[in-house]
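This report goes through a few local features of one protein model. Please have the sequence and the coordinates open while reading.

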Amino acid sequence: MKKTLQVVGAIVIKDDRILAVKRGENKNKAVAYRYEFPGGKIEQGETPSQALKRELIEEMNYDVEVGEKFMSVSYEYDDVIVNLHTYLCRPLSDVYTLNEHIDEKWLLPSELFSVEWAPADYDIIMSLSN
C-alpha cells in the first residue's frame, strides 16, 4: 500500500503574477526539474496554514500571509499518493532566497502553461489559468 502525504502549496500572487519554483534533481523523477508551488508536508500537530508558513521560511526565507484555501487535489505517483492543499498567499516581503529550488518565475495566469509543472499541480494550473 502506498504512503499518502498531506502537503500544502502556496499560490503566491504579486502584481497579478503567480510564483512558480523549479525543483532540482529528485528521487521522484516525475517532479525533478519541474515547476511547482512552494510548500511541503504538513507535520503532525500543524494546521495547513502553519505548515505553509514554516515551509516557505525553510525553503525560501520567505514570509507570506496565508489567505483562503484555493483547492485540493489528489495525485498518485509511482511511489506515493499526494493530497495537495493550495492556499492563496500574499507576500509580506519582496526578498527571498531559493534554498531548495533551482529557479523561480513570476507568471501571469495566461503564462502558466509556458513551463513544465509537477503532475499534481496541473488541475490547479487549469483553474488558475481560467
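The model is predicted. Its largest pocket holds about 780 Å³ of space. The lining of this pocket is made up of 30 residues, and those nearest the pocket centre are Leu5, Arg23, Asn26, Glu36 and Lys41. Two or more lining residues come from each of strand S1 (3-14), strand S4 (39-41), helix H1 (48-60) and strand S6 (80-91). S1 gives the largest share, 5 residues. By residue class, the lining has 11 nonpolar, 7 polar and 12 charged residues.

Strand S6 also takes part in a strand pair. S5 (residues 64-76) and S6 run antiparallel and are joined by 10 bridges. The two strands form a hairpin, with 3 residues between them. Within S6, Cys89 is the residue opposite Val66.

Asp15 lies in the loop between S1 and strand S2 (17-23), and Asp16 is found in the loop between S1 and S2. Asp15 is not a glycine, yet its phi is positive; Asp16, also not a glycine, has a positive phi too.

| Residue | Phi | Relative accessibility |
|---|---|---|
| Asp15 | about 55° | 64% |
| Asp16 | about 65° | 60% |

Asp15 counts as exposed because its relative accessibility is 64%, and Asp16 counts as exposed because its value is 60%.

How values were computed:
Residues numbered from 1 in each chain as written. Predicted model: local features only at pLDDT ≥ 70, side-chain atom pairs only at ≥ 80, totals over all residues. Heavy atoms only, no water. 1 Å grid on protein atoms, 1.4 Å probe; cavity = no way out; pocket = protein on both sides within 12 Å on 5 of 7 lines; lining within 4 Å. Points joined across faces, edges and corners; volume = space filled by probe spheres on them. Helix = DSSP H or I, 4+ residues; strand = E, 2+ residues; numbered from the N terminus. Nonpolar A, V, L, I, M, F, W, Y, C, P; charged D, E, K, R; others polar. Pairing = 2+ DSSP bridges. Buried < 20%, exposed > 50% of the residue type's maximum accessible area, 1.4 Å probe, protein only.
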